[in-house]
Amino acid sequence: MSNQDQNHDLTRNTDVVIVGGGLAGLFCALKLAPRPVTVISAAPLGQGASTAWAQGGIAAAVAEGDSAEAHAADTIAVGAGLVDERIALGLAREAGARINDLLRYGVPFDRDLEGKLAVSREAAHSARRIVHVRGDMAGKAIISALIEAVRRTPSIRLIEGFAAEALLTEDGAVIGLQLRKVGDATAKPVTLASRTVVLATGGIGHLYAVTTNPTEASGLGLAIAARAGAVIADPEFVQFHPTAIMVGRDPAPLATEALRGEGATLINDKGERFMIARHPLAELAPRDIVARGVFSEIAAGRDAFLDATKALGAHFAEKFPTVHASCMEAGIDPAKQPIPIAPAAHYHMGGIAVDEHGRTSLKGLWAGGEVSSTGAHGANRLASNSLLEAVVYAARIAEDIEGSVIAAPARLPAESPTPRNGAMPVPAEKSLRTMMASHVGVIRDAGRLAEAVRVFAAIEQDADNIALRNMATSALLVATSAWARRESRGAHYRIDYPTEKPALAHRTMTTLTAAREIVASLSERAPARTAQPIVA
Ligand SMILES: Cc1cc2nc3c(=O)[nH]c(=O)nc-3n(C[C@H](O)[C@H](O)[C@H](O)COP(=O)(O)OP(=O)(O)OC[C@H]3O[C@@H](n4cnc5c(N)ncnc54)[C@H](O)[C@@H]3O)c2cc1C
């Protein structure tokens with residue numbers, strides 16, 4: 001029987017369960033082979049994973065003259081004082097070995113004429129160290145190779161089209177999880193017993209109305225861990241990409257930052273280059289400063305555009321075929337017209353707190369990839385470090401699980417603890433995502449954050465749809481920690497506290513209980529007025 005044919009008996013007792021079919025989940029499953037594992041993926045493999053959309057590649061100090069120490073130093077510099085230096089160095093040191101693993105699994109990384117790995121440069125890296133595939137196809141090539149490898153591995157059982165919606169625990173230890181068929185809110189839940197669960201569910205970008213992330217990146221993994229009592233780290237740190245293309249698509253396609261490198265400018269609807277007044281490097285300022293510039297123009301009622309008509313003109317299609325195609329599909333010819341843009345939620349630095357083995361604070365629960373927070377990114381992520389972190393921690397988790405004793409099968413209650421589920425109320429989901437973008441987004445202030453906290457707490461309490469409730473849980477964690485961090489640091493910008501405070505140079509470690517204490521303290525205060533537009 002092939003591994004896909006084994007989907008029928010969902011309740012069969014399982015030793016290791018991995019939730020997530022992106023880079024972190026699949027790599028971990030392959031590393032654990034031949035130990036039997038079950039991989040659960042909300043979307044069919046290859047879809048619904050940010051991994052497949054990665055364009056740049058993986059940061060790895062593999063070129064002559066580069067070093068893990070230099071890579072770690074760049075990571076630390078970008079992370080705005082919150083990077084765990086030991087973790088960053090460990091990540092950089094293991095990059096070469098993990099790239100070799102990916103090559104063995106069949107990822108066709110580009111090579112130079114001498115046959116060595118070809119490396120390109122990205123912003124804030126002091127050396128050329130991004131390994132890539134056919135220009136901007138890294139994500140697609142990585143996921144395709146891993147899916148093929150997984151399908152060839154008989155010890156991996158795949159359950160596609162089911163979402164994990166709750167972790168089941170006993171005395172602080174994980175004993176299983178509850179799943180439900182995606183797209184059928186009234187379907188009966190399925191419970192799966194396991195004392196070894198790995199969450200690899202990706203990020204939270206889709207909690208925001210404007211995002212580059214797939215729908216499945218709705219923070220459900222973060223929420224189920226938090227609801228089971230796990231410690232959550234740095235949830236307030238969300239990286240925004242400054243130039244998502246606003247052509248009515250959700251998620252929004254990306255206009256790569258390389259366009260600005262080629263001379264494309266940012267203009268408002270009056271044709272003014274608004275970044276000139278904001279930073280000496282204008283359009284080439286750091287990503288978060290550009291994102292704030294674009295956000296401020298839009299908040300002030302002016303539309304923002306990326307104008308490549310002079311810099312690229314007729315060469316646009318040949319140099320940036322993916323962006324060109326996204327624009328043309330929407331009736332915009334970027335060779336002749338400015339591209340409408342907005343900042344979009346792109347990457348979550350925060351997540352389930354894990355140690356250097358990927359262990360969470362709950363016995364039997366590991367987390368890897370974007371859903372976790374290892375301390376490697378601090379308050380801002382260095383480009384192309386996320387795929388690296390996913391692959392390094394997936395391997396470490398596999399090694400840690402391999403070294404642990406196989407626990408006796410867990411016994412679950414006969415009845416699912418939360419059998420009922422209502423239909424997803426689309427307007428409530430929409431207003432949560434809109435509020436995340438307007439109140440917990442690129443520019444934040446106390447009044448808006450407090451308002452968002454109250455709204456998310458109410459949604460969380462009232463929702464009878466479990467996915468919406470879980471989205472509200474994750475939104476609440478981000479909003480409460482953003483409210484509590486009274487400074488600006490890295491990707492977290494507070495207009496009411498616009499500077500970095502040395503006394504606050506420490507990571508946030510929180511729980512859902514702590515978030516609810518903030519909800520309680522805010523509900524005792526009068527709501528602040530938030531009528532003014534926020535413009536930095
Ligand atoms: C457009 C774009 C470009 C990027 N470019 C780069 C780049 O060049 N370099 C780089 O390093 N990083 C890049 N990133 C970030 C990087 O792609 C992600 O951080 C990384 O791929 C995350 O991998 P993952 O395995 O943790 O999650 P994902 O690849 O997102 O996979 C998550 C998996 O979990 C599943 N899932 C989610 N919730 C549930 C649930 N409740 N139950 C069951 N399954 C669930 C999903 O279906 C999916 O299979 C980019 C991100 C985007 C969006």
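Start by selecting residues 385-402, helix α10. This helix is mostly covered, with 16 of its 18 residues buried (buried means under 20% relative accessible area, exposed over 50%, partly exposed in between, with a 1.4 Å probe and protein chains only). Helices here are DSSP runs of H or I with at least four residues, strands are runs of E with at least two, and both are numbered from the N terminus.

A word on what you're looking at: this is a predicted model, where local features need pLDDT of at least 70 and side-chain atom pairs count only at pLDDT 80 or more, while totals for chains, interfaces and linings use all residues. Residues are numbered from 1 along each chain as its sequence is written, and side-chain values use heavy atoms, with hydrogens and water left out.

Next, select 238-245, strand β12: 8 of its 8 residues are buried, so the rest of the structure largely encloses it. Click Phe240 and look across to its bridge partner in β15, Ala345.

Now for a helix pair: show α5 (220-227) and α13 (466-484). How far apart are their axes, and at what angle do they pack? The axes are 8 Å apart and the angle is about 80° (axes are lines fitted to C-alpha atoms over the stretch in contact, and angles run from 0 to 180 degrees between N-to-C directions). The two are therefore roughly perpendicular, the word for 65 to 115 degrees. Residues in the contact (heavy atoms within 4.5 Å) include Leu222 and Ile224 of α5 and Met471 and Leu477 of α13.

Move on to the open sheet of 4 strands, ordered β18-β16-β11-β19 with mixed pairing. At the edges stand β18 (372-373) and β19 (509-510), each with a single partner strand, so one side of each has no neighbour in the sheet. β11 (232-233) pairs with β19 in the antiparallel sense over 2 bridges; pick Ala233 and you'll find its bridge partner Met509 in β19.

Last stop: Pro154, in the loop between α4 (138-151) and β6 (156-160). Pro154 is exposed, at 63% relative accessible area.

Definitions and conventions: Two strands pair if DSSP finds at least two bridges between them. Angles under 35 degrees count as roughly parallel, over 145 as roughly antiparallel, 65 to 115 as roughly perpendicular and the rest as oblique. The expected span of a helix is 1.5 Å times one less than its number of residues.
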